Each structure stands twice: as C-alpha cells, then as structure tokens.
Amino acid sequence: MSVTVHFLPDKVSVTAEPGEPLLNVAERAGITIPTGCLMGSCYACEVEIEGQEYPVRACLASVPDESVLIVHRYDDPIW
C-alpha cells in the first residue's frame with residue numbers, strides 16, 4: 001500500500017512505502033530538510049507531522065502505514 005506524503009509549505013506531494021525513511025522520501029520529492037548529525041541528537045531535521053502532538057526528527061522517522069501523511073517543514077535560521 002502506498003502512502004501519499006504532502007510536504008508543506010512547499011506544496012509538493014510524492015508517494016512512499018510504509019517504513020521508508022522520511023529523509024529519503026523528502027530527497028526524492030526535491031525537498032531539502034536540513035540535517036546535522038543524522039542521529040537525532042541535534043534536532044536540525046525536526047518536522048511536524050499533522051495529527052501528531054510533538055515534532056519528529058526526520059533522520060529517525062519513517063513513513064507510517066497511513067493513506068496520507070502531511071509533513072509541515074520549517075526552516076530554522078540557525079541551520
């Protein structure tokens with residue numbers, strides 16, 4: 001089952017497979033999510049997933065088994 005991933009505010013959509021790393025999906029969609037350590041400790045890659053209470057780190061997150069995933073990306077001016 002494919003998952004449609006929408007990246008906002010870029011308004012870009014791409015299909016992905018459940019379990020696929022979120023950073024890989026973003027890269028395939030042409031979306032740049034800043035990264036620092038790729039281990040989750042620097043929080044540079046934090047994004048918000050619609051419907052989840054807390055932000056997730058894209059370097060550690062994978063696509064959940066849902067029909068649609070909405071990712072709110074924001075830029076941290078420090079990175």
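This is a predicted model: local features need pLDDT of at least 70, side-chain atom pairs count only at pLDDT 80 or more; totals for chains, interfaces and linings use all residues.
Visitor: Okay, then where is glutamate 20?
Guide: Glutamate 20 sits in the loop between β2, residues 12-16, and α1, residues 22-28.

Visitor: Buried or exposed, that glutamate 20?
Guide: Glutamate 20 is buried, because its relative accessible area is 18% and buried means under 20%.

Visitor: And what does glutamate 20 touch?
Guide: Leaving out residues up to four places away in sequence, glutamate 20 touches Val25, Arg28, Ser62 and Val63. With arginine 28, glutamate 20 forms a salt bridge, and the closest N and O atoms are 2.4 Å apart. The side chains of the two are also joined by a polar contact of 2.4 Å.

Visitor: How does arginine 28 count, buried or partly exposed?
Guide: Arginine 28 counts as partly exposed, at 43% relative accessibility.

Visitor: How many salt bridges does the count come to?
Guide: The count comes to two salt bridges. Besides the glutamate 20 and arginine 28 pair, the side chains of arginine 73 and aspartate 10 meet in a salt bridge of 2.9 Å, N to O.

Visitor: Which parts does the arginine 73 and aspartate 10 pair tie together?
Guide: Arginine 73 lies in the segment after β5 (68-72) and aspartate 10 in the loop between β1 and β2, so the pair ties together parts that are 63 residues apart in sequence.

Visitor: Is arginine 73 buried or exposed?
Guide: Arginine 73 is buried, with a relative accessible area of 13%. Aspartate 10, at 30% relative accessibility, counts as partly exposed.

Visitor: What else does arginine 73 touch?
Guide: Not counting residues up to four places away in sequence, arginine 73 touches Leu8, Pro9, Asp10, Ile31, Thr32, Ile33 and Val47.

Visitor: Pro9 is on that list. What kind of peptide bond joins leucine 8 and proline 9?
Guide: A cis peptide bond joins them, with omega at about 10°. Proline 9 lies in the loop between β1 (3-8) and β2.

Visitor: Staying with that loop between β1 and β2, what about lysine 11?
Guide: Lysine 11 has its place there. Lysine 11 also has a positive phi of about 60°, although it is not a glycine.

Visitor: So lysine 11, buried or exposed?
Guide: Lysine 11 is exposed, because its relative accessible area is 74% and exposed means over 50%.

Visitor: What is the phi of tyrosine 43?
Guide: Tyrosine 43 has phi near 65°, a positive value in a residue other than glycine. Tyrosine 43 is in the loop between α1 and β3 (46-49), and it is partly exposed, with a relative accessible area of 44%.

Visitor: New topic. How many residues are in the largest nonpolar core?
Guide: That core has 21 residues, and the ones with the most contacts inside it are Val5, Phe7, Leu22 and Ile33.

Visitor: Which elements give two or more residues to this core?
Guide: They are β1, β2, α1, β3 and β5. The largest share of this core, four residues, comes from α1.

Visitor: Leu22 came up there. What does leucine 22 touch?
Guide: With residues up to four places away in sequence left out, leucine 22 touches Phe7, Val47, Ile49, Ala58, Ala61, Ser62, Val63, Leu69 and Val71.

Visitor: Last topic: how many disulfides does a search of the whole structure find?
Guide: The search finds zero disulfides. Cysteine 37 is in none, and its nearest cysteine sulfur is that of cysteine 42, at 3.7 Å.

Visitor: How do cysteine 37 and cysteine 42 count for accessibility, buried or partly exposed?
Guide: Cysteine 37 counts as partly exposed at 24% relative accessibility. Cysteine 42 counts as partly exposed too, at 24%.

Note on methods
Residues are numbered from 1 along each chain as its sequence is written. Side-chain values use heavy atoms; hydrogens and water are left out. Buried means under 20% relative accessible area, exposed over 50%, partly exposed in between (1.4 Å probe, protein chains only). A polar contact is a pair of N or O atoms within 3.5 Å; within protein, one must be able to donate a hydrogen and the other to accept it, and residues adjacent in sequence count only if both atoms are side-chain atoms. Contact means heavy atoms within 4.5 Å. A salt bridge is a side-chain nitrogen of Lys or Arg within 4 Å of a carboxyl oxygen of Asp or Glu. A nonpolar core is a set of buried Ala, Val, Leu, Ile, Met, Phe, Trp, Tyr and Cys residues joined through side-chain atoms within 4.5 Å. A disulfide is a pair of cysteine sulfur atoms within 2.5 Å.
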